[in-house]
Amino acid sequence: MADTRRRVKLYMLNEDRQWDDRGTGHVSSAYVDRLEGMSLLVRSETDGSSLLESRIHPDTAYQKQQETLIVWSEADNYDLALSFQEKAGCEEIWEKICQEQGKDPSVEITQEDVLESGDEQFDELPDTAPPIELPPCELSKLEEISELFRSVLPSPIRREKLSSAIERDSYIRKLVDLFQICEDLEKLDGLHHLYDTFKSMFLLNKNALFEIMFSEDLIFDVVGVLEYDPLLVQPAKHREFLRSSKRFKEVIPILNQDLLTKIHQTYRVQYIHDVILPTPTVFEENMLSALSSFIFFNKVEIVSTLQDDETFLTTLFAQLTGDETDDEKRRDLILFLKEFCTFSQTLQPHSRDSFFKTLSSLGVLSAIEIILGLDDEKMKSAAIDIFSYIVEFSPSMVREFILQEGQTPDDEDLLINLVIEQMVNDTDPELGGAMQLMGILRILIDPENMLATANKTEKTEFLSFFYKHSMHVLTAPLFANTTEDKPSNDDYQSAQLLGLILELLSFCVEHHTYHIKNYVINKDLLRRVLVLLKSKHTFLALCALRLMRKIIGLKEEFYNRYIVKGNLFQAVVDAFMANGDRYNLLNSAMIELFEFIKVEEIRSLSNHIVETHMKELEKVTYVNTFKTIKSKYEQQQDRLKDKPSVENNVSSVLRNNRFRRDARTLDEEEAMWFDDEEDLEDGEAIIPMSDFLKNKIDSNKIDSDFDHFKLMESKRASKEADIRDSPPKLLNRTSPINISLKTASPTMTPAGSPVSSPGSPVSPIRVNPALTPACSPSSPADYREGPLAVKTGRVGLVDYPDEDSDEEEEEDSIPAKRPRLAT
């Protein structure tokens, strides 16, 4: 039975030389037939699945680090590490590895997996190679020491022998004593030799040597040695930087001295790794993997210890949100919290989940809200960084907080509105912070990462909340800058900001469907966006055009009617003609827009273009787009002229309706509703249109669109079900044909067809069979004229006779009468 001694975390080194957590489980060693040898096995503690099966090869180098780590390489660029919860478990597994390889468990590395080529591999076998004798630590021997350290680097076995000799003879302390003497005597040659010696010592990549070099009493001397790089004209001043009192601020007293020492050590070692040591070459990129591991596991230990200290975190948030805390103290606290969250990225997923839940329970989002309400840019920047970590890890947690605080009446104090205002008011000329915030907002409003529940609660509630309380804050700069026929403020920074806003709006058009549809109509949004086509910044004009292209790309007649009724193509045509014959990106984007309308045969838009704008566009002859659009329009008009009059074609109409009408025969307005209609999201509310737009657009159609949006969907579904469930019946040729013609009523369908209102009479009119063609054996008994017909509560294009034979006999008994066709 597995116990805590064998509890481990499995890590793997990725391509970026960072350790990825592969899970937590329990380790054991056993013989595996498939692998033909003793192997290390790790089983997940959650589901018992196999996380690792690794054979203990005789020539694989296993290394024990920090008493609770075992690190080894399976193959090139495939490094693994086991981090044990207890020291005893690490020693137990280490003994089994050494026993399998025939090694002494007292060593911290078994052997390297790569032997030297040529004669050296026979001369330096691990069991026969003699130990390396280190020269005495004297000033006169510094050059010899430097050469020895450099010479062993190509040989893995000699590196191991040298590491053992250095640790055994306390050689590092002796070298540090020589450094102090050389620095006092200003012997630059000796200092340069010492630099080469310590650089080679880092490349030995031995954790045991790092433990010695990074100890509290030696680390500053090691940093001092690394200041004397022979390539530098003047020695660097790394020690002065690290000793600066401003670098370490204990904003909250840390009573755990071991933790405090670990924090200081990690900062200094990170500085050595990132700043002091030269960037490894391609041949040395794996030489500092142990140093990276040292830093990584130090960070894990720091975050875990602080997270478990409830008193420390409670005090931190109490002071961060307290009214009596001064700005300088609050700034230090938020910067510490930012560093704390940065370190948390080293945690494995379930530990990171616990970490952010702990911060959430302590009120981290409320603290961020307070910081964003202040005028300190440095604090705001740190708060945004913390907010981005939280959003990237759990956007649902942030949405839940926003919805809870949305119950307050004041929209200005909402966290999401504070984030939007921070984006809008970014002082950076390049808007680096605004771009970061735009990415955060996109994550929050992305339906793809919203929790998928049976009733779509999160998506419905949050999007409704966002459009009601926050969308006006996001679009405020857009509406403020487009009050006239051209942008009122057209400087570069404003153009960049509007570009970011338009990018978010394009995202909304693509992913939010009904909510953004309502907003576009109510605010006449696209008209205001197209004002930006007159901007002197081409990238902003392209952003505006991209939004219109995204809308047209949806191929929804709802949007198309809005564009036609508002004559919104006028702004596009004006910009296209103003651009002239210049062959640039704007010209190509506009031509692509018209080409899309042509290829996709969006009839309502192409007809509008020809009828309204073809006088200007037909002059453009370097592409065939407009010529083809006009040609198709003229062909369509010719077909309409060739149709016979309604009076002379009644029988033809009735004959063509003997079978269920195909969708292709529907008129344009019917196809708009039955073919292109978007399904409504569950629970979405309809927002009424503004009075402004009602005066601008045909009220009959747009109002009817909104009033009957859901009604038409239900009718459509009912109609399809009726057709699917009611197959046609064979009838007697002499049976009369029943046709129900609808009487006009005030209520209009979206397609403009009259529909009887509830309770209004519908008079059946009998048609003499002599006036109509005889029924074919497969023809239905009932036909309906128009897109919707009402008969005994049924709605559909075609009503088939019921299965009840009594009803058929009753209908057959009614004498046929000559109909009086209304004009």
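**Figure 1. Helix 15 and the helices that cover it.** In this predicted model, helix 15 spans residues 364–372 and is mostly covered, with seven of its nine residues buried. The buried residues are V364, L365, A367, I368, E369, I371 and L372. What covers them includes helix 12 (310–321), helix 13 (327–343) and helix 14 (349–361), together with helix 16 (377–393), helix 17 (395–405) and helix 18. If you like to think in helical repeats, an α-helix has 3.6 residues a turn, so residues three or four places apart point the same way.

Figure 2. L418 lies in helix 18, which runs over residues 415–424. L418 counts as buried because its relative accessibility is 13%, below the 20% cut-off. Which residues does L418 contact, once its neighbours within four places in sequence are left aside? They are E369, L372, E412 and D413; E369 and L372 are also among the buried residues of helix 15.

**Figure 3. The salt bridge between R6 and E92.** The model holds 27 salt bridges, and this view shows one of them, joining R6 to E92 with the closest N and O atoms 2.5 Å apart. The pair links distant parts of the chain: R6 sits in the segment before strand 1 (7–13), while E92 belongs to helix 1 (residues 87–101), 86 residues apart. Are these two partners buried or exposed? Both R6 and E92 are buried.

Figure 4. D79 is placed in strand 7, residues 78–84. With a relative accessibility of 11%, D79 counts as buried. Its side chain makes a polar contact of 2.6 Å with the side chain of S73. Beyond its neighbours within four places in sequence, D79 is in contact with Y11, M12, L13, R17, W19, W72 and S73.

Figure 5. K141 and E144 form a salt bridge in which the closest N and O atoms are 3.7 Å apart. K141 is partly exposed, with a relative accessible area of 28%, and E144 is partly exposed too, at 42% relative accessibility. The side chains of E216 and R268 meet in a salt bridge of 3.5 Å, N to O. E216 lies in the loop between helix 7 (207–213) and helix 8 (219–225) and R268 lies in helix 10 (residues 257–276), so this pair ties together parts that are 52 residues apart in sequence. R268 is buried, with a relative accessible area of 8%.

Figure 6. Most residues other than glycine have a negative phi. E186 has a positive phi of about 55° although it is not a glycine, and N567 has a positive phi of about 50°, again without being a glycine. E186 lies in the loop between helix 5 (171–185) and helix 6 (188–203), and is exposed, with a relative accessible area of 66%. N567 is found in the loop between helix 26 (557–565) and helix 27 (569–579), where it counts as partly exposed at 30% relative accessibility. Helix 27 also holds D574, which is partly exposed at 37% relative accessibility. The C-alpha atoms of D574 and K534 are 9.2 Å apart, and the two residues are 40 residues apart along the chain.

Figure 7. L139, I181 and L185 make a nonpolar surface patch of about 250 Å². L139 has its place in the loop between helix 2 (120–123) and helix 3 (142–151), and is partly exposed, with a relative accessible area of 32%. C182 is buried, with a relative accessible area of 0%, and C90 is likewise buried at 0%. How many disulfides does the structure hold? It holds zero.

How values were computed:
Residues numbered from 1 in each chain as written. Predicted model: local features only at pLDDT ≥ 70, side-chain atom pairs only at ≥ 80, totals over all residues. Heavy atoms only, no water. Helix = DSSP H or I, 4+ residues; strand = E, 2+ residues; numbered from the N terminus. Buried < 20%, exposed > 50% of the residue type's maximum accessible area, 1.4 Å probe, protein only. Contact = heavy atoms within 4.5 Å. Patch = residues over 30% accessible without salt bridge, like charges linked within 9 Å, V, L, I, M, F, W, Y side chains within 5 Å. Areas by Shrake-Rupley, 256 points an atom, 1.4 Å probe, with all protein chains shown as cover. Salt bridge = Lys/Arg side-chain N within 4 Å of Asp/Glu carboxyl O. Disulfide = S-S within 2.5 Å. Polar contact = N/O pair within 3.5 Å; in protein donor to acceptor, adjacent residues only side chain to side chain.
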